[in-house]
Amino acid sequence: QVKLVESGGASVQAGGSLRLSCAAYVYPQYSYSTYCMGWFRQAPGKEREGVAWISTGGSITYYADSVQGRFTISRDNAENTLSLQMNSLEPEDAAMYYCAASPSRCYSGSWSSFRYWGQGTQVTVSS
């Protein structure tokens with residue numbers, strides 16, 4: 001139903017900022033604005049974890065405790081894009097970051113509804 005392509009990953013120093021982007025290519029019979037969108041990350045040797053999600057219209061957002069107050073998720077339904085602004089980066093934020101789409105409603109604390117995934121973009125944070 002949807003193809004996701006992330007970009008923006010880079011190597012930065014602790015305390016720095018990065019902005020990740022995700023372009024969504026949606027099949028003609030579907031609409032980007034009907035998907036709840038999210039960002040996940042996976043560090044080497046660790047399980048994938050949810051970072052943030054945003055509702056279909058963009059009015060509701062949810063963040064993992066570890067990034068609350070530092071990261072901001074946003075979307076542009078006219079451009080079929082998703083962004084993640086990451087500030088005050090810490091070495092613990094280093095990971096492969098994935099864009100994901102959920103065809104059903106997202107709920108606070110739940111990450112299980114996401115069904116479509118991008119290939120990821122690498123974020124490295126040096127201390």
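**Reading the disulfides**

Author: The link of C22 and C99 is left-handed, with -75° about the S-S bond. This is a predicted model, in which local features need pLDDT of at least 70, side-chain atom pairs count only at pLDDT 80 or more, and totals for chains, interfaces and linings use all residues. Residues are numbered from 1 along each chain as its sequence is written, and side-chain values use heavy atoms, with hydrogens and water left out.

Reader: What is a disulfide here, and how many does the structure hold?

Author: A disulfide is a pair of cysteine sulfur atoms within 2.5 Å. The structure holds 2 disulfides. In the link of C22 to C99, the S to S distance is 2.1 Å.

Reader: Where in the chain do C22 and C99 lie?

Author: Strands (E, at least two residues) are DSSP runs, numbered from the N terminus. C22 is in strand 3 (residues 18–26) and C99 in strand 9 (residues 95–102), so the pair, 77 residues apart, links distant parts of the chain.

Reader: Are C22 and C99 buried or exposed?

Author: Buried means under 20% relative accessible area, exposed over 50%, and partly exposed in between (1.4 Å probe, protein chains only). C22 counts as buried because its relative accessibility is 2%. C99, at 0%, is buried too.

Reader: Which cysteine is joined to C36?

Author: C106, with an S to S distance of 1.9 Å. This link is left-handed, with -115° about the S-S bond. C36 lies in strand 4 (residues 36–42) and C106 in the loop between strand 9 and strand 10 (116–117), so the pair ties together parts 70 residues apart in sequence. Both C36 and C106 are buried.

Reader: What is the pairing in sequence order?

Author: With the bonded cysteines of the chain numbered in that order, the pairing is 1-3, 2-4.

Methods. Helices (H or I, at least four residues) and strands (E, at least two) are DSSP runs, numbered from the N terminus.
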